[in-house]
Each structure stands twice: as C-alpha cells, then as structure tokens.
Amino acid sequence: HAVGSQVGEVLLYYCYCEVRDPEKLCAWQKALCQHLHLTGKVRVASEGINGTVGGSKVATSLYIKVMLSQPLFKNILCQEDFKSSAGGAHCFPDLRVGVFKEIVPMGIDPKIVSYKETGIHLSPQEFHREVEQYLSQATQGQSDTILLDCRNFYESKIGRFQGCLAPDIRKFSYFPSYIDENLELFKDKRVLMYCTGGIRCERGSAYLRSKAVCREVYQLKGGIHKYLEEFPDGFYRGKLFVFDDRYAICSNEDIVSACRYCGVLWDQYKLCSSQHCRQLVLTCPSCCNKGLTACCPVCQEKELKVTSRASGQMLKEECECTRRRPRVPIERVSPRMLDTGK
C-alpha cells in the first residue's frame with residue numbers, strides 16, 4: 001500500500017469555451033467537487049474553466065467522466081486534456097471555486113486579447129524535435145529561435161528547458177509588460193513557448209502575436225506536464241513546480257538550483273519563515289539547522305523583530321529580494337548568449 005502522496009492524484013486541466021452563465025457553472029462545479037470530496041482551486045469565467053483538484057483515484061476518474069459529459073465542454077474537452085500526478089486531497093488546504101474575469105490571470109481583458117488568437121500548438125514530440133534543432137543551431141551561434149518560458153522566476157529556477165529564456169518575473173500578469181519592454185528581442189524570431197500545463201501559453205502566445213513582430217509563435221500543447229510524460233529524461237531538466245502543497249514534482253534526478261545561503265545544490269522550496277512574507281525560499285537542511293529559514297537576510301532580521309511586536313501586517317512582502325527585483329526586467333542578452341550547454 002503506497003503511503004502519503006501516492007494514495008490519490010492531482011488533476012490539472014483547462015477548457016476555453018463560451019460560458020453564458022459563469023455563476024451557474026460555478027455552483028455546479030462546487031457541488032460536484034464537494035460531492036467527490038475533492039480539494040483544490042477552480043476558476044470559472046465567461047471564457048471557460050481552469051482547475052487543479054486533488055482526491056482519491058476513484059474520485060478523480062469520476063470527476064473526469066462527469067466533466068467530459070457536461071454539455072458545455074462537449075467536443076472541446078477530452079481525456080488527454082487532464083494532466084495527472086501522484087497526490088490527493090491533502091495537497092490543498094481546502095476547496096475554492098470562484099468566478100473571475102480570466103481563467104488565467106494575465107490582467108488583460110479577454111475581449112482584447114483572446115485565446116482564439118493563440119500560437120501554433122505543438123505535440124510533445126514536435127516540441128522535442130524543435131528544441132533539439134534549436135539547441136544544435138544555438139551552439140553554432142546562428143539560431144533564429146527563442147525558447148521562452150512563460151512561468152514565474154521561482155518556477156523556472158528549479159526546472160526548465162535547456163537553453164531557454166526565463167523571464168525574471170514574479171507573476172504572470174507582468175508577462176505582457178515583459179513582452180512590451182523586450183519587443184526588440186522577439187523581432188523576426190520564431191518563438192517556442194511553454195508553461196506548466198499549457199494554459200498560460202494560450203493567452204501569452206495570443207498577446208505576443210498581437211504585437212506582430214515575431215515570424216512565428218509556437219506553444220507546447222499540454223505544457224511541461226505532458227512533455228514529461230513522453231520525455232521524462234528529455235530537454236527539460238530539474239523539477240516541475242506545482243501550485244499546491246507539494247511545490248514540485250519530479251521526473252529526472254537533476255537539481256538545477258542552489259541553496260540561497262550556501263550555494264549547495266538544492267531545489268526543495270519552503271515558505272519564508274517570517275510571519276507576513278509569502279516568498280518561497282530554497283534553503284538546504286544544514287542552513288535550516290543554522291536558523292536560516294527566511295527568504296533573505298532582511299526578512300530573517302524582521303522575523304526576530306516581529307515576534308516582539310503585536311501586528312506586523314504592513315511588513316508584508318517588503319523585503320530585500322522583492323525590492324531588488326525590477327518588476328519587469330529588460331533583457332540584455334543577445335539570444336546567442338543564452339546558456340544552451342547546461
């Protein structure tokens with residue numbers, strides 16, 4: 001009998017479609033998840049649905065069955081659209097189902113940049129071949145392609161495709177500004193985009209295409225999740241960050257990140273120990289034992305002060321690591337300089 005994280009599974013999926021009555025879909029979805037004792041997060045909007053839910057295998061397979069028979073998703077959502085990984089209801093603190101403007105928060109009105117204008121979807125096999133070609137050309141310094149990670153810096157830090165350009169951004173809602181500030185970089189390029197499950201690329205590629213500077217925009221269908229199912233030892237190295245209590249799932253043994261304090265190879269995130277900080281920190285067991293448990297020295301100091309003060313609410317996210325990071329970095333790389341080797 002498998003213990004802990006192996007008991008059930010976590011599903012990740014999205015479906016772009018026209019939803020006339022988001023409130024009604026939301027109520028139905030909530031009732032369905034409660035009935036199956038699923039936990040997790042589901043976003044409903046007039047543009048579709050996006051969810052990540054955890055529960056027993058019986059519950060998750062029933063969930064998929066019901067979702068596929070829901071008339072709204074008929075002929076749009078299919079079995080392959082559900083990505084699964086070992087986990088269960090314990091991976092989330094609770095169940096949250098809500099109605100939002102966008103099913104993935106890019107911060108741009110879906111009417112202005114629609115999922116209908118996406119890039120060209122590539123299967124994991126096609127994407128794998130493209131990356132292979134890109135890496136061999138890039139070594140000779142003659143690539144017309146950019147391999148773009150659409151995720152946040154703390155995601156790409158612990159796992160990414162070799163030779164990718166990974167924006168140093170904290171939220172996907174900064175991605176459009178990142179594109180705007182770095183348009184020159186994308187001029188006349190073929191762009192290969194990827195994200196965790198494919199949903200951020202749907203809007204991200206549409207945004208990039210709306211700028212009309214690239215030669216072509218491609219995206220990895222099903223995201224890293226589906227790629228790793230086919231190529232666990234492919235060009236994606238390190239762990240895959242997930243937005244639940246597991247923080248990461250693993251397909252190969254590579255560790256591509258380091259402890260924040262001593263630099264030893266380490267890729268297991270913890271939440272910063274300072275009360276009001278929501279940053280994730282990579283701190284290895286030996287540094288943890290030395291009491292280095294916050295995201296940065298400033299936060300470590302603050303933690304000591306906060307314990308002696310009643311409420312430190314205003315200290316939220318005010319720390320060295322967020323202050324030092326520009327909200328939207330300007331890339332100073334010539335694509336040739338991208339690190340293709342490691």
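# Reasoning about sheets and cores

Student: Which residue of strand 10 stands opposite Met 193?

Tutor: In this predicted model, the residue opposite Met 193 is Gln 219, which belongs to strand 10.

Student: How do you know that strand 9 and strand 10 pair?

Tutor: Two strands count as paired if at least two bridges are found between them. Strand 9 and strand 10, the latter covering residues 216-220, share four bridges, and their pairing is parallel. By the criterion of at least two bridges, they therefore pair.

Student: What makes strand 6 and strand 7 edge strands?

Tutor: The open sheet has four strands in the order 6-10-9-7, paired in parallel. Strand 6 (120-122) and strand 7 each pair on one side only, and they are the edge strands. On average, neighbouring strands of this sheet are turned by 25° against each other, with direction ignored.

Student: Which strands does helix 7 lie across?

Tutor: Helix 7 lies across strand 6, strand 9 and strand 10, and runs at about 175° to strand 10.

Student: Why is one side of strand 8 and of strand 12 left without a neighbour in the sheet?

Tutor: This concerns an open sheet of three strands, with the order 8-11-12 and antiparallel pairing. Strand 8 (159-161) and strand 12 (248-250) are at its edges; each has a single partner strand, so one side of each lacks a neighbour in the sheet. The twist from one strand to the next averages 45°.

Student: How do you know that strand 11 and strand 12 pair?

Tutor: Strand 11 (residues 236-241) and strand 12 are joined by three bridges in the antiparallel sense.

Student: What makes a set of residues a nonpolar core, and which members of the largest one touch the most other members?

Tutor: Buried here means under 20% relative accessible area. The largest such core has 33 residues, of which Leu 148, Phe 175, Tyr 178, Ile 179, Phe 186 and Met 193 touch the most other members. Helix 7 gives the largest share, five residues. Domain 1 (9-99) and domain 2 (120-247) each contribute at least three residues. Apart from this core lies another, of 23 residues, including Val 19 and Leu 38.

Student: Which residues does Met 193 touch?

Tutor: Leaving aside residues up to four places away in sequence, its contacts include Phe 127, Leu 148, Phe 175 and Gln 219.

Note on methods:
Residues are numbered from 1 along each chain as its sequence is written. This is a predicted model: local features need pLDDT of at least 70, side-chain atom pairs count only at pLDDT 80 or more; totals for chains, interfaces and linings use all residues. Side-chain values use heavy atoms; hydrogens and water are left out. A nonpolar core is a set of buried Ala, Val, Leu, Ile, Met, Phe, Trp, Tyr and Cys residues joined through side-chain atoms within 4.5 Å. Buried means under 20% relative accessible area, exposed over 50%, partly exposed in between (1.4 Å probe, protein chains only). Domain bounds come from an automatic or database domain assignment. Contact means heavy atoms within 4.5 Å. Axes are lines fitted to C-alpha atoms, for helices over the stretch in contact, and angles run from 0 to 180 degrees between N-to-C directions.
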